[in-house]
Amino acid sequence: MRNPDKPSRQKMTRRSLLVGAAAGTLVATPGSASAQRCPAEPPPRAKGPPVWLDMDQKDLDDAYDQSVYAFNARTIEERRRYNNEIVQALLPNPDRVAYGPAEIEKLDIYRTRRANAPILLFIHGGGWRGGRSSQFTVYAEPYVKAGAHFVVLDFSNVRETNGDIVPMVDQVRRAVAWIYRNAASFGGNPNEIYTISRSSGSHLNSCLVITEWEKQGLPRDIIKGAVMGSGMYDLKPVRLSIRSSYVKFTDAMEQELSAMRYLDRIHTPIVLAHGTLETPEFQRQARDFAAALKAAGKPVTLIVAKGYNHYEVGETVGHPYAVLGRAAMQMMKLDTA
């Protein structure tokens with residue numbers, strides 16, 4: 001089997017990851033560990049002409065299709081539903097408030113008891129095609145108990161926007177503005193807004209950190225820290241992939257919504273993470289964005305999660321002692337003891 005990425009030989013310890021995350025520096029590896037295909041040995045086929053880097057169309061389509069690299073997606077989804085029901089029974093119902101006029105434009109706010117508490121906004125994934133806030137109560141519990149308000153955002157998907165991602169980006173931007181202006185109404189600190197996301201949600205999150213907030217009369221650094229798991233930060237290869245069958249990419253969309261192209265607009269410390277069992281493209285997207293941010297002098301941490309596939313990385317949003325959850329807790333300086 002052709003391996004698009006050679007395994008890294010650099011030794012990484014738990015301590016080095018924690019120290020790097022705390023310092024806001026880049027934890028770099030010279031390459032990525034091997035992605036994990038399903039099946040491990042794909043059927044022999046004639047390779048076509050290259051479409052992106054050394055990938056032909058089939059390789060590229062597979063690299064943006066999680067089912068090819070994550071055999072246990074259904075298991076993880078079943079586990080999320082099971083644990084979501086448990087947490088929904090344990091936590092008080094969230095405050096559901098509107099941040100815009102459309103029916104979908106609402107936030108679920110899971111309040112902590114701490115006064116003037118930091119706020120963590122979660123932006124869900126789902127290939128831009130699905131997901132609703134009620135599905136992610138499971139992630140709220142550790143943050144609420146540690147002293148942060150956990151806010152889950154509802155927004156449209158491309159099935160509802162005729163294949164256009166632009167309205168979705170507009171919605172998440174308006175949601176952040178609403179949170180800043182109304183934080184005091186639910187006991188939040190407007191000067192401590194953080195974001196966390198996974199997959200296509202991390203693409204939307206990256207669009208937040210390149211927003212020119214000052215043009216809206218808001219602080220340029222309105223977001224004090226962003227944790228992004230398994231995201232896409234340059235839409236060119238995505239546009240060339242099978243995802244163009246349901247996203248109606250345009251030149252303007254590709255340009256304006258590719259965070260890699262607007263590093264000068266970024267004023268937020270960023271943590272990027274990918275699993276070593278993710279597709280080669282999702283690994284490369286994180287590595288390249290991290291390297292570009294570091295070269296531009298921006299505060300960035302890259303976490304390479306050994307033994308995690310795409311969905312397993314996402315699952316750690318709700319785990320204070322694993323990849324994304326640990327990074328968010330450290331970023332907000334919350335005690336998980």
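Q: What percentage of the 337 residues in the protein are buried, and what makes a residue count as buried?
A: Buried residues make up 56% of the 337 residues. A residue is called buried under 20% relative accessible area, exposed over 50%, and partly exposed in between, with a 1.4 Å probe and protein chains only as cover. The model is predicted: local features need pLDDT of at least 70, side-chain atom pairs count only at pLDDT 80 or more, and totals for chains, interfaces and linings use all residues. Residues are numbered from 1 along each chain as its sequence is written, and side-chain values use heavy atoms, with hydrogens and water left out.

Q: Why is Gln171 called buried?
A: Its relative accessible area is 4%, and the limit for a buried residue is under 20%; Gln171 is therefore buried. Gln171 lies in helix H5 (residues 166-182).

Q: What makes a residue a contact of Gln171, and which residues qualify beyond its neighbours within four places in sequence?
A: Contact means heavy atoms within 4.5 Å. With those neighbours left aside, Gln171 is in contact with Tyr99, Ile104, Glu105, Phe155 and Ser156.

Q: Is Tyr82 buried or exposed, and how do you know?
A: Tyr82 has 54% relative accessibility. Exposed requires over 50%, so Tyr82 counts as exposed. Tyr82 is found in helix H3 (residues 73-90).

Q: How many helices and strands does the protein have, and what makes a stretch count as one?
A: There are 11 helices and eight strands.

Q: Why are E1 and E8 called edge strands?
A: Eight strands form an open sheet of mixed pairing in the order E1-E2-E4-E3-E5-E6-E7-E8. Strand E1 (95-98) and strand E8 (300-305) each have a single partner strand, so one side of each lacks a neighbour in the sheet.

Q: How do you know that E1 and E2 pair?
A: Two strands pair if DSSP finds at least two bridges between them.

Q: Why is strand E7 (residues 270-275) called largely enclosed?
A: Six of its six residues are buried, so E7 is largely enclosed by the rest of the structure. Ile270, Leu272 and His274 cover one side, and Val271, Ala273 and Gly275 the other; all are buried. E7 runs parallel to strand E6 (residues 223-229), with four bridges, and parallel to E8, with six bridges.

Q: What makes helix H6 (residues 200-209) mostly covered?
A: In H6, 10 of 10 residues are buried. Their cover includes strand E3 (117-123), H5, strand E5 (188-198), E6 and E7.

Technical notes: Helix = DSSP H or I, 4+ residues; strand = E, 2+ residues; numbered from the N terminus.
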